Each structure stands twice: as structure tokens, then as C-alpha cells.
Amino acid sequence: MAGERHVDHKTLKTFAENKINVPGPEAAERRRQVNHLRQRLESHIAAHPAFDLVKLRASGSTAKFTAIQRRGGGSDADVAAYLRTADPAVDEATLLDWLRERCIEVYGDTKVADDFKISQHAVGITLRASGLKIDVAPVLYTGEPDDKGYLVTRQGTRVLTSVTQHLKFIEKRRKAAGPGYAELIRLLKGWIRQSKLHDPDLRCKSFLLELLVAHLWESGWNGEKLQVDDYPRAIEQVLSYIVRTGLQTPVVFTDYYAADHVTPSHDAIQVWDPVNPDNNVAGTYLEADRLRLVDHANTALEAIVWAACAPTKGDANDAWRELFGPTFQGA
């Protein structure tokens, strides 16, 4: 990008520190709430022996250092509860309902039933005082190494996962790339968060963004490495990749399995879980979802290309507000 950039790496780093990254006090409160849940959950699971608790593991964005602030305060946290049962009569399809009851017991009469929501793989707990939302994902443990186990969907389908391998996957890249790697992911998550405010039908998982960044870190874009120490350029690279490929190029990682182990698919977007060759993380996305995400990326790309040659700082700031909303303020 030629000419003076009114919004540069330092500008976006300052914005991330003030508006995107989770502040220290919020992070401390999150850890306190999660520790409270973990300590109490152990005893309540022990009292209901349909499933035995093997271990609890921190997982998700917080453990990967990619968590961002939530609108209205608070921040998300994730816990994987590794469970097993020796009783073949136990119906795995009831696991999420069973875990929801255990979570309700932890908080007793201090919360209402609507604060405990079951999603496809987890029980979400909303703590209204802090704004924190904790997702507890039950993982059926079968004794495999590296914390391999099976998420169980509401329909009772098993999905292989590994909290440890997921964390190692991103840690390997984060250590090689430096601190800009995780903060770039957080900035992109901030863009998607703002985009969803304008378009609630937009679909883009945080995990999908993490994997796209991982792919570009390994492969680069148009012969150039992913510029994790130049946020405007790196964001442009990611958006350009989404727009130019239309997210129609399969993305596969070979950290834990060979590329030819991937199950063939005709899904609209194909980005494969790095620990499970049978799991396309965008497998439920339809063609309309792909087109919608590409369209949002194109709008954002046009805004930052304009910002790069904007005649004034105010014009450049206005362009970046297309991505991050009215709270964005350049230096």
C-alpha cells in the first residue's frame, strides 16, 4: 500500500489493547468464576454416578489467548469435562441434559433455569452479574492419550476432539509468529462481532477464523508471508484471501494426520479440524452462508484499501469504523 497510512500497526495495536483484548480485571474474574464452577462440579458429578468425572480442562479462546471482550462487559470461558461410564445401558444422547442438571445444582437457587442453555456440544451458563458466559462441554473419555475424547451432540453423535492437541496446534504457531499472531486473530474476531451486529444471519465461528489465520501463516498469500507485525496489511491479506478464493479452497492441516485422511466432502466451505480428519468445522455452513461471509469480507476489504490512501486521518478512521464500529479511534 503506497503513501502514508493514517491508520498503522501501532494504531490498531492500541485499539486492540483498549477495545478488543480482555482487560486484566475481567480475566481475573473469569478465572475465579471458572474455578468456582470446576470445584463445585466435581462433587455434584460424584453424587450422580451415571458418569464419572475423569478431569476438567480449560479450553476454547481463553486457553488459546484469542478471547475478546464481550459487548456489555464480561468475557466467555470454556471448560471441557472429561467423563466416562462403565454402564452400557447409559444413553449418551442424554449426556448434555444430565450435565445441565449438574450445573444447575452447582448454583442452587441463585439462578433461573433460563441461565442454562444447551447448544450442539455444550451447556452454556450465563452469570448475569458479571456478564460472563461459561460453556461446559462434556467429552466422553476412552483412555486415549493427549486428552482425546468424544464430544456428544444433542442427537447422540460422537465427534472426536482433543483439547490438548488443539492448544498445542495454536501454541506452536503463536510461539513461532510472536504475540502479533494471537492479537491479529482477536482483531479479526472484533470485525466479525461488529459485522454480526449489522447482519445477525452472518455465520463465522471463532475457530474458523483461527484456522484461516493458521493456514495463511503456513502458506502465505500471493507469495507474501502473513504480516503479523503489520496489522493493517495482515487484515488485508486475510480479507483478500477470503474474497479471492471465495472460501472454496479446502484447508487441511497435517500436524496430527496425513492430508489424504480427510473425508471427501461437497460442503460449501471446507476447513478441517486439525485433530479430526472427519470433522469439517464449517460443515453446517450452506452456500448462502459462504456467499454472505465473502460479501462481508469484500466490504471490509474495500474499506481498508480506501483507508490506506485516504487524504485525511478522519477519512481513514471512518473507513476502519466499517470494520470495528464507532468505538474505533485512530491515533
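# Salt bridges, hairpins and backbone angles in a predicted model

Phenylalanine 65 lies in the loop between helix 3 (60–64) and strand 2 (76–84); helices (H or I, at least four residues) and strands (E, at least two) are DSSP runs, numbered from the N terminus. The model is predicted, so local features need pLDDT of at least 70 and side-chain atom pairs count only at pLDDT 80 or more, while totals for chains, interfaces and linings use all residues. Residues are numbered from 1 along each chain as its sequence is written, and side-chain values use heavy atoms, with hydrogens and water left out.

- Most residues other than glycine have a negative phi.
- Phenylalanine 65 is not a glycine, yet its phi is positive, at about 70 degrees.
- At 48% relative accessibility, phenylalanine 65 is partly exposed; buried means under 20% relative accessible area, exposed over 50%, and partly exposed in between (1.4 Å probe, protein chains only).
- Aspartate 147 also has a positive phi, near 55 degrees, and sits in the loop between strand 5 and strand 6.
- The relative accessibility of aspartate 147 is 6%, so this residue counts as buried.

- Strand 5 (residues 132–141) pairs with strand 6 (residues 148–152) in the antiparallel sense over 3 bridges; two strands pair if DSSP finds at least two bridges between them.
- Opposite valine 139 stands leucine 151 of strand 6.
- The hairpin of strand 5 and strand 6 has 6 residues between the strands, and in its turn glycine 143 has a positive phi of about 90 degrees.
- Strand 6 also pairs with strand 7 (residues 158–162), in the antiparallel sense and over 5 bridges.
- Lysine 148 has serine 162 in strand 7 as its bridge partner.
- Between strand 6 and strand 7, which form a hairpin, there are 5 residues, and glycine 156 in the turn has a positive phi of about 90 degrees.

**Salt bridges**

- The structure holds 23 salt bridges, each defined as a side-chain nitrogen of Lys or Arg within 4 Å of a carboxyl oxygen of Asp or Glu.
- Arginine 32 and glutamate 29 form one of them, with the closest N and O atoms 3.0 Å apart.
- Both residues of this pair, arginine 32 and glutamate 29, lie in helix 2 (residues 24–46), 3 residues apart, about one turn of the helix.
- Arginine 32 is partly exposed at 48% relative accessibility, and glutamate 29 is partly exposed at 25%.
- Glutamate 171 forms a salt bridge with lysine 175, the closest N and O atoms being 3.3 Å apart.
- Glutamate 171 and lysine 175 are 4 residues apart in helix 5 (residues 163–177), so about one helical turn separates them.
- Glutamate 171 is partly exposed at 30% relative accessibility, whereas lysine 175 is exposed at 62%.
- Arginine 203 and aspartate 289 meet through their side chains in a salt bridge (3.3 Å, N to O).
- Because arginine 203 lies in the loop between helix 6 (180–198) and helix 7 (206–219) and aspartate 289 in helix 9 (residues 287–308), this pair ties together parts that are 86 residues apart in sequence.
- Arginine 203 is partly exposed at 28% relative accessibility, whereas aspartate 289 is buried at 12%.
- A network of salt bridges links Lys13, Glu17, Glu183 and Arg186.

**Cysteines**

- The structure holds 0 disulfides, a disulfide being a pair of cysteine sulfur atoms within 2.5 Å.
- Cysteine 103 is buried, with a relative accessible area of 0%.
- Cysteine 204 is buried at 7% relative accessibility.
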